[in-house]
Amino acid sequence: MKLDKAMPKDLRILQAAEKIFSMYGYEKATLDEIIALADVGKGTVYKYFGNKEQLFYKLVAEKNKPFVQRLQQAVVGKTSLKEKMYAYFCEFVRFYYENSALWQIICFEMLGTSNACRVQKVDGVYRVLPRYSQIQISPELEEQILRYHELLQQEYEILEEIISEGFTSGQLKGTGDLETSSKYIFFGVAMSIFNPTQSLKQKMQAEKAAEIIVDRYLHGEAVTGMLRD
């Protein structure tokens, strides 16, 4: 892959970074490989981005911002829960198809999984907690992990609002645990894309995938009247 040398250097570095990170993941990708593909000096990368982690964050943050805007715009004007969820997941699936490798890095490397950490809301505030008693989390690591959690939070809060309206309007049963409900479907769909079935590997259309997701969430798998207590 060759990049257009007429392109501004910072954009060329971002394109090269996307390619290398998508090929190797975060930990195994090196700045040297990114520099070689971008055909720039090492000092140029440090000038624009500071270090490898800041480069990766800049890459995904710049992709996430317009994605979140599209999610917000997709549900505008939709009245029913089904219409809003369908519109949301059409955009969601399309984006996650196109950016699967980068968003797997966020979920499996940058959110603390490799450091035996997890993000949990404590007294209304998200904190990074150790999975095991002897794990120590530095303030720097917590700050880094929470930055990436915030990106995903911007995405699933829109879904959370849709589901909240479903509870309030009576279209969904009971009051439910709003955060658990939204995260359950959000991360469930993401993991399905990251670990695809044969049909997803063949790139099922986003619209068809969204239709299935919404149908299963709203109606489940059971045939009406056939379940026994």
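Contact here means heavy atoms within 4.5 Å. The model is predicted.

**Ile213**

Ile213 lies in helix 10, which spans residues 206-219. Is Ile213 buried or exposed? Its relative accessible area is 17%, so it counts as buried, the cut-off being under 20%. Which residues does Ile213 touch, leaving aside neighbours within four places in sequence? They are Phe89, Val93, Ile185 and Val189. Glu155 is 58 residues away from Ile213 along the chain. The C-alpha atoms of Ile213 and Glu155 are separated by 17 Å.

**Helix 7 and helix 8**

Ile185, a contact of Ile213, also takes part in the meeting of helix 7 with helix 8. Glu155 is on the helix 7 side of that meeting. The two helices pack as follows.

| Item | Value |
|---|---|
| Helix 7 | residues 139-169 |
| Helix 8 | residues 178-194 |
| Angle between helix 7 and helix 8 | about 115° |
| Distance between their axes | 8 Å |

The crossing of helix 7 with helix 8 is right-handed. Helix 7 brings residues including His149, Leu152, Tyr156 and Phe167. Helix 8 answers with Leu178, Lys183 and Phe187, among them. By type, the residues of this contact are nine nonpolar, four polar and four charged.

**The nonpolar core**

How many residues are in the largest nonpolar core? It has 72 residues. Phe21, Phe56, Tyr88, Phe89, Phe92 and Tyr96 have the most contacts inside it. Helix 7 gives the most to this core, with 11 residues. Phe89 also touches Ile213.

Phe21 has its own set of partners beyond four places in sequence. Among them are Tyr26, Ile34, Lys52, Phe56, Leu102 and Ile105.

How values were computed
Residues are numbered from 1 along each chain as its sequence is written. This is a predicted model: local features need pLDDT of at least 70, side-chain atom pairs count only at pLDDT 80 or more; totals for chains, interfaces and linings use all residues. Side-chain values use heavy atoms; hydrogens and water are left out. Helices (H or I, at least four residues) and strands (E, at least two) are DSSP runs, numbered from the N terminus. Buried means under 20% relative accessible area, exposed over 50%, partly exposed in between (1.4 Å probe, protein chains only). Axes are lines fitted to C-alpha atoms, for helices over the stretch in contact, and angles run from 0 to 180 degrees between N-to-C directions. A crossing is left-handed if the near helix is turned anticlockwise from the far one by less than a right angle, and right-handed if clockwise. Ala, Val, Leu, Ile, Met, Phe, Trp, Tyr, Cys and Pro count as nonpolar, Asp, Glu, Lys and Arg as charged, and the others, Gly among them, as polar. A nonpolar core is a set of buried Ala, Val, Leu, Ile, Met, Phe, Trp, Tyr and Cys residues joined through side-chain atoms within 4.5 Å.
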